[in-house]
Amino acid sequence: MLNIRYELVKEKKAKPDWDNLGFGKHFTDHMFIMDYDAGQGWHDARIVPYQNLSLDPACMVFHYAQEMFEGLKAYRTPDGSVQLFRPDQNIDRMNRTNERLCIPQLDKNDVLDALRAIVKTEEDWVPKKEGTSLYIRPFIIATDVQLGVHPSKSYKFMIITCPVGAYYAEGIKPVKIFVEREYVRAVRGGTGFAKVGGNYACSLIGQEKAEKMGYSQVLWLDGIEHKYIDEVGAMNVFFVLDGKVITPALEEGSILPGVTRKSSIQLLRDMGYTVEERKLSLAEVEEAYANGKLDEAFGTGTAAVVSPMGLLDTGDQKMLINNNEIGPVAQKLYDTLTGIQWGRVEDKFGWTVKV
Ligand code: COI
């Protein structure tokens, strides 16, 4: 059991308007912190009042972006209890990201203890309204004070939490996506599979371009041929072509292995759909569209949950998908997945963990 020291606030913050939470705007009363120093390992786990950090401006994170993060949620169930969804998957991914960024490994049980402890401490922040949850953001920063390019020997692992509603203003309504053909998000051998801030920093320019044109997000193509579909930054993507569900395979290492992606593949197969994980070219999607066989497209992610795509702009054409309505596959997946997460549907896979 991780030994956690508690320093609790004397006065709690006012709670936000539960009807207008948005995403990532309101932070709770406390945060979790644990330090790492070479020779000592991870130490001094504590839950303290949510507060600013004081860091030397030469800290490595500010210069060479040795930083990683995760995202998961705590859900309020009908009996009032609180549960996490597949935290083991996020913890495993954390350590895969850490390996790629030369950040020391974390003990799986310690991270689970930390997650449970911070959520338990902030239990009154877990919202109750339909479609809301407590978003949990674990992250690690390199804190060595020096400008040489080497892995840091000291780190801070922190967890902050915030009550959230839908990630997109559209909620479960279809979003408009723009296919980015100039910039790329990741390449083979890079960090696309890892959850690092740098992946998101380099995506901002495409994202901003798309937003200016009225789109919610960018669909990234592979970094080598600009031909194959990778992902949508905040989501993995699924296309339903002629009744078959297809999602880009992870082998190239340029796509984030989403926990919602993995769960969706399993749930869809369990529902009887054929799901193929393979290379999927934009040309194949365009051909299916031309033949009236692009049935549905949707994204999946912890923050975005299941988000239908109503319009995909390739630059050459604007493909209207399923008449800009949520399709039956996405709807069934959304209902089942969120049913398990919010404890309304039997969790026959054993994915939920009570706090
Ligand atoms: C998540 O889905 O948890 C993410 O980390 C994506 C982020 C862009 C909000």
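**Entry 1. Surroundings of the ligand**

I began with the ligand and looked up its neighbours in this predicted model. I found F69, G71, Y135, R137, Y167, K195, Y200, A234, T302 and A303 around the ligand. Sorted by class, this shell holds 6 nonpolar, 2 polar and 2 charged residues.

I then looked up the oxygen atoms of the ligand. I noted a distance of 2.6 Å between an oxygen atom of the ligand and an N or O atom in the side chain of Y135. For T302, I recorded 3.4 Å between a ligand oxygen atom and a polar backbone atom. For A303, a polar backbone atom lies 2.8 Å from an oxygen atom of the ligand. I next looked up the surface: the ligand taken alone exposes 280 Å², and the protein buries 90% of that.

**Entry 2. The largest pocket**

I asked which space the ligand takes, and I found that this space is the largest pocket. I noted a volume of about 720 Å³ for the largest pocket. Its lining consists of 36 residues, and F69, Y167, Y200, G233 and A234 are those nearest the centre of the pocket. Of these, I had already listed F69, Y167, Y200 and A234 around the ligand.

I also looked up the helices and strands that contribute to this lining. At least two residues each come from the strands β4 (67-69), β7 (133-142), β10 (217-221) and β15 (294-301). The helices α4 (197-201), α5 (204-212) and α6 (259-270) likewise each supply at least two residues. By class, I recorded 16 nonpolar, 13 polar and 7 charged residues in the lining of the largest pocket.

**Entry 3. The largest cavity**

For the largest cavity I noted about 60 Å³ of space.

I found that its lining is made up of G71, L72, K73, Y75, F85, N90, V259, T260, T302 and Q341. By class, I recorded 4 nonpolar, 5 polar and 1 charged residues in the lining of the largest cavity.

Conventions: Residues numbered from 1 in each chain as written. Predicted model: local features only at pLDDT ≥ 70, side-chain atom pairs only at ≥ 80, totals over all residues. Heavy atoms only, no water. Near = heavy atom within 4 Å. Polar contact = N/O pair within 3.5 Å; in protein donor to acceptor, adjacent residues only side chain to side chain. Areas by Shrake-Rupley, 256 points an atom, 1.4 Å probe, with all protein chains shown as cover. 1 Å grid on protein atoms, 1.4 Å probe; cavity = no way out; pocket = protein on both sides within 12 Å on 5 of 7 lines; lining within 4 Å. Sits in = over half its atoms within 2 Å of the grid points. Nonpolar A, V, L, I, M, F, W, Y, C, P; charged D, E, K, R; others polar. Points joined across faces, edges and corners; volume = space filled by probe spheres on them. Helix = DSSP H or I, 4+ residues; strand = E, 2+ residues; numbered from the N terminus.
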